[in-house]
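Open the structure in your viewer and keep the selection tool ready. Each stop says what to select and what is there.

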Amino acid sequence: MHSTNALRISRQRLEQARVTRPDDVQLLTQLLVVLEELDDYAQLQQLLAQAIGRWPRDCSLLMFRARIDTYLGNFLEAKAAYQDILKYEPGHIGAFCSMVMQGHGDDVGGLSRVEMRLAAGDITTTERNNLGYAHARLLEQAERFDEAFATLRQANTTRAAAGGMNIAAKQRGSRAVLGDINAATLERCSGRGNASQRPVFIVGMPRSGTTLIEQILAAHPDVHAAGERLFWGGVLGGLVQSAPHRTGSMIEAIDSLHTHVWENAGNDYLNSMKDIDRDSLRITDKLPANFALLPLIRLIFPRARIIHIRRDPLATIASCIRTPFSDPALAFTVEDWARFYGMYQALMERWRPLLGEQLLELDYEDLVSDLPTQAHRLIHFLGLDWNDACLHPHLNPRAVRTASVQQVRREVHTGAVSAWRCYEEQLEAIRPYVEESRDWVLSPGGGDE
């Protein structure tokens, strides 16, 4: 993710270039991508409408439009765009799979059609993998759950083999971090961070309810939802690289850089957020993977609020393996998803006592079964006055760019709480991987095998 200032410069240059090259579709597409990153959906939609009016059969533009309409909750418009694509290019696998994943499988031929496409020899590995997820979704609808799970297993294995994360390396890294960070270390380095209460960090496993939490908070007039901000990885990586050679704690090595190291990191973060929103009392950062960085975030922002949402392990894993994430960092085999969950459990178990009252934890199951109580807890935790709009998060028109976009456009419901039980036997078989991973990461030994 580029800085907002860099994106604005790119936008200006692209707009200037289009004056002399108005027929350059590639240039237009680059501008559309920049507008998307800037969250300027009004200008983006206007340009898209003009472009599609000029090039109505350009499937790339139509796919772009469908994706933006999906983010904005305009699902009927997205469906119409996919249908146009399939009218002009009947073999377009991206549009076909999107129709299936959005619940319109019968409109594009259902199981027989997807199986015919899978039998073809003229598709790429990526296309075959996307078709696998679509195939599994249709098998679920036909209540052929054993076949659906086997299909999902293969799809996840294929994605992981194409460049997914090394779960063993992540486990070793987490174990080493736990050996590096403790209450005494945090105490020695605390007291020099940024005192702002503006940031709100929402963390948890993918598919655990983080988007729903953000949508509830975004409904409040004093909260701006900034989505998933890719900030800390680069900043903290830079601090680690700048720190002197160390034999002790990584945190203490960073702390030794200079007196204001933690405060400056907070200042940089807040300045980046000013480009997004300057006025709201609270601004959310909903990157689930920030759960791994919470002690560092505590040092940088000792007064920021941290919200952790938990969900039943097997329900979470089921949702993860059913989702074709675009992020290669979320590409695991079924067993490695279980190991990843165990690693996450281990980290949160160790961080919990270090964060104290700075941390609020909610259970997804409680949130969807009793929204009023849990929403009041959230708003009180943020130190804000109550607003009834927080009871209707599905009415918030903001763009949602996560895999939960369809779910958060509906009224909060309990339908997903037990949906995983159609795979209960298969998921129970991998539960030991959760427990083994958690226990291994928590065990002494640093990064040892």
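Select Arg207, which lies in the loop between strand E1 (199-203) and helix H12 (210-218). Helices (H or I, at least four residues) and strands (E, at least two) are DSSP runs, numbered from the N terminus. This is a predicted model, in which local features need pLDDT of at least 70, side-chain atom pairs count only at pLDDT 80 or more, and totals for chains, interfaces and linings use all residues. Residues are numbered from 1 along each chain as its sequence is written, and side-chain values use heavy atoms, with hydrogens and water left out.

Arg207 is not a glycine, yet its phi is positive, near 65 degrees. Is Arg207 buried or exposed? Arg207 is buried, at 14% relative accessible area; buried means under 20%, exposed over 50% and partly exposed in between, with a 1.4 Å probe and protein chains only.

Next, select Asp39, in the loop between helix H2 (25-37) and helix H3 (41-54). Asp39 also is a residue other than glycine with a positive phi, about 60 degrees. Asp39 is partly exposed, with a relative accessibility of 41%.

Now go to the largest nonpolar core, which has 115 residues. Such a core is a set of buried Ala, Val, Leu, Ile, Met, Phe, Trp, Tyr and Cys residues joined through side-chain atoms within 4.5 Å. Trp232, Ile251, Trp262, Ile317, Trp337, Trp351 and Leu427 touch the most other members. Colour helix H18 (residues 334-355): with 13 residues, helix H18 gives the most to this core.

Finally, select Ile202, Leu212, Tyr364 and Val368, which are among the 25 residues of a second, separate core.
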